[in-house]
Amino acid sequence: PCGELATRAGIWRYRTDRLNQTFSASARYATGLRNTMGLAFAADGKLYGTQHGRDQLHEIWPKIFPNPEYDAENPGEELVQINKDDDFGWPYCYFAMDRKKLVDAPEYGGDGIVDKRCSTKKEPILAFPGHWAPMSLMFYTGTAFPERYRHGAFITFHGPWNRAPRPQAGYRVVFQPLVNGAESGQFETFATGFASPNATNSQPDTAAHRPVGIATAPDGSVYVTDDAGGRIYKITYHAH
């Protein structure tokens, strides 16, 4: 077993009206989450999160994953719905895009196919392309945008540090339709053009702009922060 799960790879819950709380196992809310950057409550009162998948399956395990193309597309970046005591499988599992399910990690006997340790873990709602790096999650609460935007999730994708041999990708804000906490159609690119054209074919440090934070403004517009260009964008809707 992974001894680090006692203090890592999870979500802990604390009160906002109490001082001097201490970190403890009893405060653990959910486990098995590698890197949950985005957290948000939806209108249904449920907690959702985005998770970064791992890197370097081919580089570290070339005998198990001899094709670097597999490494470029796997694991998928996950959108999960989080309840108390949920276990999403990390570090024993990752989401295989070709299998469309959680499979065992190579450190625990996995080969990209077997799911002996992962068949009982909670699957994500859906998965996005590998290494896009989801940073922030938001459920739109304004009224300035069309009605359909109030039934889904906005996610910022920072872009990868490496997606070789495929071109770099991500660098965008997407909208994912959801109905009753389940996927309702394909995601759509909501805002793009952050990275320069050259950044998609080389290392991501050449990206001019990389979206990170997202929030609804009081007037119903949407703010997006950029940690490469040092900007805050305001996105508004104008009916045609």
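Two strands count as paired if DSSP finds at least two bridges between them, and the strands themselves are DSSP runs (E, at least two residues) numbered from the N terminus. With that settled, here is the tour.

This is a predicted model, where local features need pLDDT of at least 70, side-chain atom pairs count only at pLDDT 80 or more, and totals for chains, interfaces and linings use all residues. Residues are numbered from 1 along each chain as its sequence is written, and side-chain values use heavy atoms, with hydrogens and water left out.

Strand β14 (residues 211-216) pairs with β15 (residues 222-226) in the antiparallel sense over four bridges, and Ala215 has Tyr223 in β15 as its bridge partner. Five residues sit between these strands in the hairpin, where Gly220 takes a positive phi near 90°. On to the next partner: β15 also runs antiparallel to β16 (residues 231-235), joined by five bridges, with Val222 opposite Ile235. That hairpin has four residues between the strands, and Gly230 shows a positive phi near 65°.

In a regular strand the side chains alternate between the two faces of the sheet.

**Strand β9**

In β9 (residues 134-139), six of six residues are buried. This strand pairs antiparallel with β10 (residues 152-157) over five bridges, and Met138 stands opposite Phe154.

On a 1 Å grid over the protein atoms alone, a cavity is a set of points where a 1.4 Å probe fits but cannot get out, a pocket is an open set with protein on both sides within 12 Å along at least five of seven lines, and lining residues have an atom within 4 Å of a point. Volume is the space filled by probe spheres set on the points, which are joined across faces, edges and corners. Searching the whole structure turns up two cavities of 30 Å³ or more.

| Space | Volume | Lining residues include |
|---|---|---|
| Largest cavity | about 80 Å³ | Gln51, Glu78, Trp90, Cys93, Tyr94 |
| Second largest cavity | about 60 Å³ | Asp55, Glu59, His131, Trp161, Arg163 |
| Largest pocket | about 280 Å³ | Ala42, Ala43, Arg150, His151, Gly152 |

For the largest cavity, strand β6 (residues 93-96) supplies the largest share of the lining, three residues.

Terms used:
Buried means under 20% relative accessible area, exposed over 50%, partly exposed in between (1.4 Å probe, protein chains only).
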